[in-house]
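Hi everyone, thanks for coming.

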Amino acid sequence: MAEGQLVLGIIGHPVGHSLSPLMHNEALRNLGIKGFYVPFEVKPGEIEAALSGLMALGVKGVNVTIPHKQAVLEHLDQLDPVSAATKAVNTIDFDGGRVVGYNTDGAGFVASLREDAGEEVGGKRVLLIGAGGAARGLAVKLAMEGVSEILVINRTPEKGEALVKHLEAGLSYTHAEFVPLKNDELKELLPGVDLIINATSVGMGGGDELPISPEGIDDRHLVCDIVYTPLKTPFLEECRRRGARTLDGLGMLIHQGDLAFQIWTGKRFPAGRIRRLLMEKLKTA
Ligand SMILES: NC(=O)c1ccc[n+]([C@@H]2O[C@H](COP(=O)([O-])OP(=O)(O)OC[C@H]3O[C@@H](n4cnc5c(N)ncnc54)[C@H](OP(=O)(O)O)[C@@H]3O)[C@@H](O)[C@H]2O)c1
């Protein structure tokens, strides 16, 4: 690679659908930083070789996506506190020969809540729907930020229970509870909740399925969906009709990218430009 060029990228399998190259290349161009951001298709089992190769080639950093977020852990020299507690990494920095892992997903959500919805998470009572990788990243960050309660709902109860145990064991966070998904009970819980987050993939790519019954959701609630294809998920639309404030998943996507970009370059994304670019792209997707 030419000297003075910053090379960044993303490793995943598949990786072709990722919007990260679009965001980061626009940021590099807009800020006048010479370099580029490349999608690297890396098969499971080839992570170690890929990381050594990327470091040898002088790549500065990569994002990590499905299915490698957990598998990369054993190949890193150091983890930041959030990725260590989450046990998943979405950003790697090749820092002078050391391979350092970060997880900016949860912080991206918290930043979106603050900057896009004007809300702080501290003290909030949260209903978290989902217990997959994204839900775990959110739960860990929310617990670290001092939310007063996390109620977890998930289709597969064992995974929901495992998430609660993960928070207890890893962070000594004792205010999380798994709630078996029964809609009549759910309705009774809702008056005691401030923030409702859909962190399942329900609503992604069309269809009118909702992650939970919206009955009981009203203007007391801020409802967030981390799905961003489509931006207006049926769940957000239904909650909005019921008077709730809503926040879509685009802000989290942009902020997690911005935080990774800051780790690599020390500079912030031109956020407004990137938001417009992604909105345009998602409209035509
Ligand atoms: N905005 C952002 O920046 C951002 C960042 C990361 C992820 N995301 C989005 O978040 C979503 C989840 O990602 P992930 O990595 O956590 O995926 P994942 O690890 O595969 O977890 C999927 C979650 O969705 C639940 N689920 C899937 N289909 C369901 C259905 N039909 N009914 C009820 N629950 C269902 C799963 O429940 P079970 O445990 O029962 O299988 C699990 O809790 C994806 O849409 C992804 O695009 C957005």
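Helix α4 covers residues 105-117 and helix α9 residues 250-265; they pack at about 120° with axes 7 Å apart. Helices here are DSSP runs of H or I, at least four residues, numbered from the N terminus. Axes are lines fitted to C-alpha atoms over the stretch in contact, and angles run from 0 to 180 degrees between N-to-C directions.

Before going on: this is a predicted model, where local features need pLDDT of at least 70, side-chain atom pairs need 80 or more, and totals for chains, interfaces and linings use all residues. Residues are numbered from 1 along each chain as its sequence is written, and side-chain values use heavy atoms, without hydrogens and water.

Which residues of α4 meet α9? Among them are Phe109 and Glu115, and the α9 side includes His255 and Leu259, with contact meaning heavy atoms within 4.5 Å.

Next, helix α5 (residues 133-144) and helix α6 (residues 157-171): their axes come within 11 Å and cross at roughly 40°. That makes α5 oblique to α6. In α5, Ala139 and Val140 are among the residues meeting α6, whose partners include Leu163 and His166.

Finally, the ligand. One of its oxygen atoms is 2.7 Å from a side-chain N or O atom of asparagine 154. For arginine 155, the side-chain distance to a ligand oxygen is 2.9 Å. Alanine 134 uses a backbone N or O atom, 2.8 Å from a ligand oxygen.

Methods:
Helix = DSSP H or I, 4+ residues; strand = E, 2+ residues; numbered from the N terminus. Parallel < 35°, antiparallel > 145°, perpendicular 65-115°, else oblique. Polar contact = N/O pair within 3.5 Å; in protein donor to acceptor, adjacent residues only side chain to side chain.
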